[in-house]
Amino acid sequence: ILVDTAGLRRRGKRFSKRDGVEILSAYKTEDALARADVVLLVVDSTMGPTEQDARMIKMAYDRHKPVIMVANKTDLARIERDKHKEWFRDRLNFEFHFVEDLPVIYTSAEKKEGIDQVLYAIIEMWKKLETKISTSKLNDFFYDVIRQAPAPVYGTTNVKFYYLTQTEQRPPSFIAFANHPDGVSPSYRRFLVKRIQKEWGLEGVPVRMFIMKSGGEKL
């Protein structure tokens with residue numbers, strides 16, 4: 001099911017007009033984003049991504065929704081700039097410095113270019129969202145990974161990990177059981193997430209990592 005939305009204007013412009021239709025369309029957009037499995041963010045490739053687009057990405061990621069960026073009007077961008085894709089990627093890295101591995105598909109609705117690639121990207125993202133990893137494979141991987149970085153510290157005690165398992169949630173989410181969950185910093189969580197993404201080809205997927213209290217024999 002493909003849901004088209006009106007998008008979002010900057011808050012100042014939206015509410016200064018007191019435009020009821022504009023406010024309703026904003027609520028509808030946010031509701032559609034909350035219910036979506038995959039978010040397609042369409043931007044004008046002649047202008048590049050904007051601060052407002054960054055806000056949309058953050059809204060999606062806060063709700064754990066994967067995003068595919070669709071850079072439209074590439075037929076015009078080719079005329080306006082040499083190496084327009086490199087320019088667009090530079091702008092992307094500047095505006096979305098907090099996002100890694102964001103997939104970008106270049107399209108032209110006018111010329112009907114790149115539409116198939118959008119559909120392929122959606123299918124590929126859906127396959128990633130449906131990824132299931134056995135607990136045994138996860139823990140073989142986990143054992144190697146936690147030996148590659150200094151253990152987190154809780155007070156004066158090293159955090160000991162016991163095992164890692166995948167939940168039934170989508171996108172793929174994982175629980176690592178440890179003796180002191182409060183000692184696992186956000187940076188260490190990001191380290192674990194990035195390693196999982198790289199190991200199982202989940203780049204671009206907002207993988208979640210939970211740390212829970214457990215006792216038992218250390219890995």
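R81 is partly exposed, with 26% relative accessible area (buried is under 20%, exposed over 50%, partly exposed in between, with a 1.4 Å probe and protein chains only). Let's start from there, after a word on the model. The model is predicted, so local features need pLDDT of at least 70 and side-chain atom pairs pLDDT 80 or more, while totals for chains, interfaces and linings use all residues. Residues are numbered from 1 along each chain as its sequence is written, and side-chain values use heavy atoms, without hydrogens and water.

**Exercise 1.** Find which residue forms a salt bridge with R81.

*Solution.* Step one is the criterion: a side-chain nitrogen of Lys or Arg within 4 Å of a carboxyl oxygen of Asp or Glu. Step two is the partner, E80, whose closest O atom and that of N in R81 are 3.9 Å apart. For context, searching the whole structure gives 8 salt bridges.

**Exercise 2.** Work out how R91 and E95 are placed in helix α5, and whether E95 is buried or exposed.

*Solution.* First, the two side chains form a salt bridge, with 3.3 Å from N to O. Next, R91 and E95 are 4 residues apart in α5 (residues 84–95), so about one helical turn separates them. Helices here are DSSP runs of H or I with at least four residues, and strands are runs of E with at least two, numbered from the N terminus. Finally, E95 counts as buried at 17% relative accessibility, whereas R91 is partly exposed at 27%.

**Exercise 3.** Say which parts of the chain the pair R170 and E130 ties together.

*Solution.* Start with the distance: their salt bridge spans 2.8 Å, N to O. R170 lies in the loop between β6 (161–166) and β7 (173–178), and E130 in the loop between α6 (115–129) and α7 (135–146), so the pair ties together parts 40 residues apart in sequence. R170 is partly exposed at 42%, and E130 is partly exposed at 34%.

**Exercise 4.** Give the strand order of the open sheet and name its edge strands.

*Solution.* The sheet has 3 strands in the order β6-β7-β8, with mixed pairing (two strands pair if DSSP finds at least two bridges between them). Its edge strands are β6 and β8 (208–213), each pairing on one side only. Within the sheet, β6 and β7 pair in the antiparallel sense over 5 bridges, and T165 stands opposite I175 in β7.
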